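Here is a short report on side-chain packing.

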Amino acid sequence: MHDFTEGEFNVEEFAARIHGLRKEKHLTQVDLATKAGYDNSYLSRIEDGDNTPSIEAISAFAAVLGVSTEYLMFGEADTAGVLEKLRFCQRMLKEIENRLSHRT
């Protein structure tokens, strides 16, 4: 497991973000921790800013909360990555349409 060191990742902001999202989703610490596969005392220490979570834990909590890992970590969505995936899908759909139209 890889843990983040203090630097670009702000533990206090992360703690506030995960706490706020948990409350917004009407989840208790026990609910969120259990759904993510962690002990609620681990989540409690994270929300208190006493524990720096692993990337695996951040990813699991993000999935349960319905947000991207990037958003949970940094407060920003990875819109560039999402847009690139959408553009790729559009290109693939266009290619499929072209192939299908040439069959008839």
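Phe14 is in contact (heavy atoms within 4.5 Å) with Phe9, Ile46, Pro53, Ile58, Leu72 and Met73, leaving aside neighbours within four places in sequence. The model is predicted: local features need pLDDT of at least 70, side-chain atom pairs count only at pLDDT 80 or more, and totals for chains, interfaces and linings use all residues. Residues are numbered from 1 along each chain as its sequence is written, and side-chain values use heavy atoms, without hydrogens and water.

**Core**

Phe14 also belongs to the largest nonpolar core, which has 20 residues. Such a core is a set of buried Ala, Val, Leu, Ile, Met, Phe, Trp, Tyr and Cys residues joined through side-chain atoms within 4.5 Å. Buried means under 20% relative accessible area, exposed over 50%, and partly exposed in between, with a 1.4 Å probe and protein chains only. Phe14, Ile18, Leu32, Phe61, Leu65 and Leu72 touch the most other members. At least two core residues come from each of α1 (11-24), α2 (29-36), α3 (40-47), α4 (55-65) and α5 (69-74). Helix α4 gives the largest share, six residues. Helices are DSSP runs (H or I, at least four residues), numbered from the N terminus.

**Arg22**

Arg22 sits in helix α1. Is Arg22 buried or exposed? Arg22 is buried, at a relative accessible area of 4%. A polar atom of its side chain lies 2.9 Å from the backbone oxygen of Leu27. Not counting residues up to four places away in sequence, Arg22 touches Leu27, Thr28, Gln29, Leu32, Leu43, Glu47 and Leu65.

**Rings**

The whole structure holds two aromatic pairs. Rings of Phe, Tyr and Trp (its six-membered ring) pair if their centres lie within 6.5 Å; planes under 30 degrees apart count as stacked, over 60 as edge-to-face and the rest as tilted.

| Pair | Centre to centre | Angle between planes | Class |
|---|---|---|---|
| Tyr38 and Tyr42 | 5.3 Å | 25° | stacked |
| Tyr38 and Phe61 | 5.5 Å | 40° | tilted |

The Tyr38 and Phe61 pair links distant parts of the chain, 23 residues apart. Tyr38 is in the loop between α2 and α3, and Phe61 is in helix α4. Tyr38 counts as partly exposed, at 26% relative accessibility. Tyr42 counts as buried at 15%. Phe61 is buried, with a relative accessible area of 0%. Ring pairs join Tyr38, Tyr42 and Phe61 into a cluster.

Terms used:
A polar contact is a pair of N or O atoms within 3.5 Å; within protein, one must be able to donate a hydrogen and the other to accept it, and residues adjacent in sequence count only if both atoms are side-chain atoms.
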